Amino acid sequence: MIHADVPTLEVRNLKTHFFTRAGVVKAVDDVSFTVQPGQILGLVGESGSGKTVTGFSILGLVDPPGRVVDGEIRYKGENIANAGEERMRRLRGNNIAMIFQDPMMTLNPVLRVDTQMIEAIQAHEQVGREEAWERSRAALQQVGIPAAEERLRSYPHQFSGGMRQRVAIAIALLNKPDLIVADEPTTALDVTIQGQILYEVQKLCEETGTALIWITHDLSVVAGLADDICVMYAGRVVEHGTVDNVLDHPSHPYTHGLIGSVPSRNRRGQPLSQIPGMTPSLLNLPPGCPFKARCPRVGDACDEAPEISQPVAGRDVRCHYPVPAGETAGETAEVPA
Amino acid sequence: MTVFIIRRLMQAALVVLVMSFLVFSGVFLVGDPVEILVADDADQAEREMVIKSLGLDQPFHIQYMRFLTRAAQGDLGESFVFNEPALLLILERLPATMELAVAALMIAVVFGIPLGVWAGLKPDAISSKVIMSGSILGFSLPTFWVGIMMILLFAVILGLLPSTGRGDEIHYVLGFPTSLLTLDGWSHILLPATNLALFKLSLVIRLARAGTREVVHQDYIKFARAKGLTDRRVILVHVMKNILIPVVTVLGLEFGGLVAFSVVTETVFAWPGIGKLLIDSIGLLDRPVIVAYLMIIVLLFVILNLLVDIAYSLLDPRVRLQDVKA
Amino acid sequence: MTAVQEDRPAVAAAKDAGVETPFRRFLSDYVESPIAVIGAIGVVLVLFVAIIGPFLAPTDPYDLAQVSIMDSRLAPGEQMMTGTTAILGTDGAGRDLLSAMIYGLRISLGVGIGSGVIALLIGCTLGLIAAYVGGRTDAFIMRVVDIQLSFPAILIALILLAVMKGGPNEPSYFAIFKIIVALVVVQWAYYARTIRGSAMVERRKEYVEAAGSLALSNRRVLFRHLLPNCVAPIIVVGTMQTASAISLEATLSFLGLGLPQTEPSLGKLISNGFDYVMSGKYWISVFPGLALLFMIMSINLVGDRLRDVLNPRLQK
């Protein structure tokens, strides 16, 4: 089934806008990336940068007043950007699964865990309750939940946050999807639990060949997990490349600043650098580069919005004045691996 | 669960006792029944005999204690007017009222929940705005006037449905009299039940809409959709089960309101239930019947509260857990 | 509904100034719902008719010289003995229905608003005391509120009126007094609960603590700081309660426990007309009912919109 030349997911010039009373919010404005089978893509950005909306766009779960206005989302070559509701329903949970940020909120509080797992299987396959139950039990064991049988009969409130997120991951894995979109699944968890879950997700993706889009604001998570990284700012991709490459030699001033603001044991005692200013409001964004007000490298050309360029091979950067390759981030920051 | 029910039953008994005192002392003040029962030309001796035979010459606390001991044995006194046990009068008419109230509740739920959920799912659709305006109309319509208009339209002008009573053919199901086994019975209950339901229908619509609007924005609904469930299942299982909790709670408590409000509907449609009996009894100052009615209503409310709590814990697993711990 | 009237000059002022005042924002939010605007117009219309009623009414239903039993149950448009045309017909006693309705509207609205204002004063005072004093006082007041609210309003009103029931020769002002008492008893608990709820929320906020640390007197904190911040919910509950009080009064009058026979209250008119519905004389019940519905619906539409607009949870 998996052809090496057909990527699992290819997003081209995606634009998702929200038509609110106050005006148009361009939550996602020209985003492109590709995910190959078995590959892990880290989608990084501050809150409000459009990374979550990108994830919802892929699953066709953008609620009004928002909608995908332009661009292509190719799942194994098929453009699903404006596919019908029934087609999307069949893809969701079956071919493309999603894990949400807050595990306390993603499971329905009044339904038992087994109900919520079995329905996910039966939505896509004609299987009996017994078999679906058995598969659910196996999935819970797979994500490291002890006493799975007993746990299946429990309600979500009887689980801890970390356990609930494991259940959510198990549900995402139930139908062996080709792609999982994980929206900050470890942000709400303790650091130790976060580590365990990261490790297990990585292992599961390796075992099953599932591609993964890991949405996060935490560069250190991406550094240890992802193959590729996509940095978003104000609804746009500002830098895209392999993790090692981008983190060692960031080209975009925003990525540069972001890496500089990560605390690192190498720089103990030194003040952290920070990006001045705040994320701009996406409502009626002024023309030009959205980062120009905060950018240390701002120049005359920045009054015009930059297009994607490739200053270095294998690297997309959206900047008029990219950081030269020699000027590494390492001189001010070292990202812990 | 058993501990919970026993504890609640004890609370309920206390409430009934307190209410019995309030009801009795309240009704004790109702105007002098002797004026009505004794002929105008009766002399003083006759009057005193009547007063004595009714026990009205005793001080308040003696009357109350006697009332209480008798009430415990199921005796709520004898009607001044009918010369029958008041409790019997109430119990004879209770099934008719229950039938009416249950029918009204069914109408409110069967139409109200789908309409409310629809209005909650599509808040900006024209149809939803019509539903919501309709629900305000339902809140605003004075029940008795709507009843009269229904009689005018369906009984007088169109001549389709009967306007009074519950029909002649009463059958017994498990010992309860009901008129719902015949078409005639249904034609009699349709107008009064709809009339009584209107207000609660509006309430159910609003509750279901508010619940739906809150639930659909929850992450777990989006997650359910992300699993590839059909909209049908998301709405019927994931949304519905969550909004049922507030709807059942409120409706359980409102059922008592339906029984109380049937006073109006029964008066308009000459429905032979306890509401009409109460209005007649107030008019005739038939004190034991008023007291008996109130005691039955209080009992009904207490039982309903208990049932609602049990239903609540069955619907919401979080409540059940807390109770096990307690 | 009083808010609508008082607000008129303020609207003009805000418009002239052309600035975004909170009130102007409230107004622009409010008028977004056309049906709510219709409701507001309806409320103004009802108030207008109620205030200048005696000048509008073709006849005086209290003036026995003008009322003749010969005129009873005239169909709409027929002429009465006095030569006046009964536009909406006459009732069973021979009163011009339109005039009776205008007077009835005054009574219904007066009883509704009057009982609402008294209930508001009592309920707010007790609610504020409960919130501010706390402890046992709070527990006691709120327990009474809870018990009362667990029983339907109509049941409580029925029992009270039954308890206070007087003879047939009772003066009519006494009957009006009794029904106001019943309506106040029914309503006060809603106000008490509402204001206690908002006051408890406000109390925890910093400005009340700040006022306390400035050693301002209790009374000053209560009336200058807590009360103004509870105004929005009170307005909402007040409009809704007034509507239901008017409805309840009409219902009680219909059941024969409200206003006396001589008062042309809307509920009483409908009740009288009910006797003639079977013989097809529809107008005696229909028109007063429509007037009642119009009044209650207008108030409810305003209240419903106010709740949406004033609810901070729904503000974007």
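Author: Helices (H or I, at least four residues) and strands (E, at least two) are DSSP runs, numbered from the N terminus. The expected span of a helix is 1.5 Å times one less than its number of residues. This is a predicted model, in which local features need pLDDT of at least 70 and side-chain atom pairs count only at pLDDT 80 or more, while totals for chains, interfaces and linings use all residues. Residues are numbered from 1 along each chain as its sequence is written, and chains are lettered from A and ligands numbered from 1 in the order in which they are written.

Reader: How many residues has helix H8 of chain A, and how far does it reach?

Author: Helix H8 of chain A, residues 191-208, has 18 residues. From first C-alpha to last it reaches 26 Å, close to the 26 Å expected at 1.5 Å a residue. Just after this helix, A:Gly209 takes a positive phi of about 75 degrees.

Reader: How are strands of a sheet read, and what is their order in the open sheet of chain A?

Author: Strands of a sheet pair through backbone hydrogen bonds, either parallel or antiparallel. Here two strands pair if DSSP finds at least two bridges between them. The open sheet of chain A has seven strands in the order E6-E7-E8-E3-E9-E10-E11, with mixed pairing. Its edge strands, each pairing on one side only, are E6 (96-99) and E11 (316-317) of chain A. Strands E3 (residues 40-44) and E9 (residues 228-233) of chain A run parallel and are joined by four bridges; A:Gly42 has A:Ile229 of E9 as its bridge partner.

Reader: Is C:Ile284 buried or exposed?

Author: A residue is buried if 20 or more other C-beta atoms lie within 10 Å of its own, exposed if 12 or fewer, and partly exposed in between, with C-beta atoms placed from the backbone. C:Ile284 counts as buried because it has 26 C-beta neighbours inside 10 Å. This residue is found in helix H12 (residues 283-310) of chain C. C:Ile284 and C:Arg95 are 189 residues apart in sequence and 10 Å apart in space, C-alpha to C-alpha.

Reader: How many residues of chain A are in contact with chain B?

Author: Two residues are in contact if their C-beta atoms, placed from the backbone, lie within 7 Å. By that rule, 24 residues of chain A are in contact with 21 residues of chain B. Helices H2 (85-91), H3 (103-106) and H4 (113-122) of chain A are the elements that give two or more residues to the side touching chain B.
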